[in-house]
Amino acid sequence: MEKPTICRYCGSPVVYTSNAEIYGREYGEGKCYLCRNCRAFVGVHPGTDIPLGTLANEELRRYRKTAHFYFDQIWMQPLRITTRYKAYDWLSKQLGISKEYTHIGMFEKEECVKTIELSQARIEKYKKRKEQRNETF
Ligand SMILES: [Zn+2]
């Protein structure tokens, strides 16, 4: 993942800084890439200065958060419909993008919306099937 130097929203310089500039106090890994002009930012992978994805404004951060909320249910407890690896494989095929780019931190709004819809549909289908199975016993 490339380190952002110029804000893709407003063209201002991006700084590598403490995320206390965003949250008021240092939170989690403590670092981020931030545009001080329009406040777009992205966090980093634990213990590194490698960005989690591309710089995101408030709207995109909201979409990415929601996409993670639904998609993560597919591979996380308590549902854990499949493994994390297979879940990303499935998502990449559904979206028609290579696995290398199947990271929600790299998604734009459009891919987030698709991820949310696809994940919700898969969760619903799984829950329904589970109910039907339970009825037969
Ligand atoms: Zn900016």
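1. Helices here are DSSP runs of H or I with at least four residues, and strands are runs of E with at least two, numbered from the N terminus. On that basis the protein has four helices and three strands. Their order from the N terminus is β-α-β-β-α-α-α. The model is a predicted one, and the points below should be read accordingly.

2. Overall form. The C-alpha trace spans about 60 × 30 × 25 Å along its principal axes. The domain assignment gives domain 1 as residues 1-55 and domain 2 as residues 58-135, and the C-alpha centres of the two domains are 25 Å apart. Of the 137 residues, 23% count as buried. Among contacts between residues at least 6 apart in sequence, 44% join residues at least 24 apart.

3. The sheet. Three strands form an open sheet in the order β1-β2-β3, with antiparallel pairing. Its edge strands are β1 and β3 (41-43), each of which pairs on one side only. From one strand to the next, the twist averages 25°. Five bridges join β1 to β2 (residues 31-35) in the antiparallel sense; V15 has L34 in β2 as its bridge partner.

4. In general, nonpolar side chains tend to be buried together in soluble globular proteins. The largest nonpolar core here has 13 residues, of which Y33, C35, F41, V42 and L55 touch the most other members. At least two residues of this core come from each of β2 and β3, and β2 gives the most, with four. Leaving aside residues up to four places away in sequence, L55 touches P4, C7, R8, V14, Y33, C35, A40, F41 and V42. A second, separate core of nine residues includes A67, F71, I104 and F107.

5. The surroundings of S12. This residue is found in the segment before β1 (14-18). Beyond residues up to four places away in sequence, S12 touches C7, C35, N37 and C38.

6. Helix α3. Which span should the twelve residues of α3 (residues 84-95) have at 1.5 Å a residue? The end C-alpha atoms of α3 are 16 Å apart, which agrees. Just after α3, G96 takes a positive phi of about 70°.

7. Backbone points to inspect. Most residues other than glycine have a negative phi, and most peptide bonds are trans. R39, in the loop between β2 and β3, has a positive phi near 70°; R39 counts as partly exposed because 14 C-beta neighbours lie inside 10 Å. The loop between α2 (58-75) and α3 contains P78, and a cis peptide bond with omega of about 5° joins Q77 and P78. R80 also lies in the loop between α2 and α3, and its phi is near 40°, a positive value in a residue other than glycine. R80 is exposed, with 12 other C-beta atoms within 10 Å.

Note on methods: Residues are numbered from 1 along each chain as its sequence is written. This is a predicted model: local features need pLDDT of at least 70, side-chain atom pairs count only at pLDDT 80 or more; totals for chains, interfaces and linings use all residues. Domain bounds come from an automatic or database domain assignment. The expected span of a helix is 1.5 Å times one less than its number of residues. Two residues are in contact if their C-beta atoms, placed from the backbone, lie within 7 Å. Two strands pair if DSSP finds at least two bridges between them. Axes are lines fitted to C-alpha atoms, for helices over the stretch in contact, and angles run from 0 to 180 degrees between N-to-C directions. A nonpolar core is a set of buried Ala, Val, Leu, Ile, Met, Phe, Trp, Tyr and Cys residues joined through C-beta atoms within 7 Å. A residue is buried if 20 or more other C-beta atoms lie within 10 Å of its own, exposed if 12 or fewer, and partly exposed in between; C-beta atoms are placed from the backbone.
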